[in-house]
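Please examine the sequence and the model before reading on.

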Amino acid sequence: MGLLDDLTNENNFLHVRRAWCSVCTLISKLSKEEAKALQDRMDNPSVSHRALSKILKTNGHDVTEGTLGRHRRGDCQGVAKG
Ligand SMILES: [Zn+2]
């Protein structure tokens, strides 16, 4: 019993998995080509969150800069491969 037990007990972490963010959700809805184009831009560090957010909003996808930043840092579950 104690800290080590709690930290090594998988059951303590099952219910606090990182969640999908609105970027994850958006990617899952886009066509394969659109999702790839968006991913390519997000993978490019010279592309700002602001620029991406603006383009997404223009196309009817309300994704904030903050959410884009979080997604790009990997602080969300991310989209399952395949
Ligand atoms: Zn995400």
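S53 touches V63, T64, E65 and L68, residues up to four places away in sequence being left out; contact requires C-beta atoms, placed from the backbone, within 7 Å. This is a predicted model, in which local features need pLDDT of at least 70 and side-chain atom pairs pLDDT 80 or more, while totals for chains, interfaces and linings use all residues. Residues are numbered from 1 along each chain as its sequence is written.

S53 lies in helix α4 (residues 49–58); helices are DSSP runs of H or I with at least four residues, numbered from the N terminus. S53 is buried because 20 other C-beta atoms lie within 10 Å, the threshold being 20 or more. Its C-alpha atom is separated by 9.1 Å from that of G66, 13 residues away along the chain.

L52 contacts R41, M42, V47 and L68, neighbours within four places in sequence excluded. L52 also belongs to the largest nonpolar core, together with V23, L26, V63 and L68; such a core joins buried Ala, Val, Leu, Ile, Met, Phe, Trp, Tyr and Cys residues through C-beta atoms within 7 Å.

The axes of α2 and α5, lines fitted to C-alpha atoms over the stretch in contact, come within 8 Å and cross at roughly 80°. The two helices are therefore roughly perpendicular, a class covering 65 to 115 degrees. Their contact is formed by these residues:

| Helix | Range | Contact residues |
|---|---|---|
| α2 | residues 22–29 | S22, V23 and C24 |
| α5 | residues 65–73 | T67, L68 and H71 |

Helix α3 (residues 32–43) has 1 buried residue of 12, so α3 lies largely in the open.

Terms used:
Contact = placed C-beta atoms within 7 Å. Axes fitted to C-alpha atoms, helices over the stretch in contact; angles between N-to-C directions. Parallel < 35°, antiparallel > 145°, perpendicular 65-115°, else oblique.
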